Amino acid sequence: MHHIASCRLPTRFAEFELHGFQDPASGHEHLALTLGDIGDGLPVLCRVHSECMTGDALFSQRCDCGAQLAAALERIAARGRGVVLYLRQEGRGIGLMNKIRAYGLQDAGADTVEANARLGFAADLRDYAMCGPMLAHVRVASIELMTNNPRKLDALREAGVVVAGRIGLVHGVNPHNRRYLATKAAKLGHLFGPASGIGPEAEVLP
């Protein structure tokens, strides 16, 4: 993973440091947003967020991605210390155009897992191998991962990232994405908590 450049990034949450990376094997570009002293060896509040053009940039309510990203940045700003890894792997790894095709199948009645299968894809094709080198570059030794996805936690650990614990991030639930979130709970094991009305919560230990 090659570090390309860094700069200041003022946002409505805080002024972050933005770091750009490129994977030499794939050519894919990824970002890290950092705030505060994250190189002291203590666990750092972290969101590993895969790109969602429709949710992050176009404010789609078909998913909870944009709301999760905003909530993660807000929590990091409140703590004064943290990192967001923004990974360019749209649509759980199938790409933007295939994501739109999958949405069309969902409009016709398929759920998110069924739609991927009909297009010839696994439910989740994301890769987290780049996270370890990115975190090492910004001097993060271990993280507290903000996620509802225990598979992501396991994948990061398998990639060599030290995950000290999991913090739930339930935001953006609405009538347009409730079935999508329920499918993620039932078929992909996502944890939303009983208050969400989506699916059962389970304890995930460090």
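Author: Before we start: contact here means heavy atoms within 4.5 Å. And keep in mind that this is a predicted model.

Reader: Got it. So what does V140 touch, leaving out residues up to four places away in sequence?

Author: Leaving those out, V140 is in contact with I38, V44, V83 and L135.

Reader: And which residues touch the most other members of the largest nonpolar core?

Author: V140 is one of them, along with V48, L85, L87, C131, I143 and L156. That core has 22 residues.

Reader: Which elements each supply at least two residues of this core?

Author: The strands are β4 (44–50), β5 (82–87) and β6 (143–146), and the helices are α5 (131–137) and α6 (150–158).

Reader: What's in the second core?

Author: That one is separate and has 15 residues, including F16, L45, L73 and I76.

Reader: Switching topic: how many residues does helix α3 have, and how far does it reach?

Author: α3 runs over residues 96–107, so 12 residues by the DSSP run. From first C-alpha to last it spans 16 Å, close to the 16 Å expected at 1.5 Å a residue.

Reader: Which α3 residues are buried?

Author: N98, K99, A102, Y103 and Q106.

Reader: Why are those on the same side of α3?

Author: Because they cover an arc of only 150 degrees around the axis.

Reader: What about the other side of α3, which residues are exposed there?

Author: M97 and D107.

Reader: And what covers the buried ones?

Author: The cover includes α1 (53–57), α4 (112–118) and α7 (178–188).

Reader: What follows α3?

Author: G109 does, with a positive phi near 125 degrees.

Methods. Residues are numbered from 1 along each chain as its sequence is written. This is a predicted model: local features need pLDDT of at least 70, side-chain atom pairs count only at pLDDT 80 or more; totals for chains, interfaces and linings use all residues. Side-chain values use heavy atoms; hydrogens and water are left out. Helices (H or I, at least four residues) and strands (E, at least two) are DSSP runs, numbered from the N terminus. The expected span of a helix is 1.5 Å times one less than its number of residues. Buried means under 20% relative accessible area, exposed over 50%, partly exposed in between (1.4 Å probe, protein chains only). The arc is that of the directions from the helix axis to the C-beta atoms. A nonpolar core is a set of buried Ala, Val, Leu, Ile, Met, Phe, Trp, Tyr and Cys residues joined through side-chain atoms within 4.5 Å.
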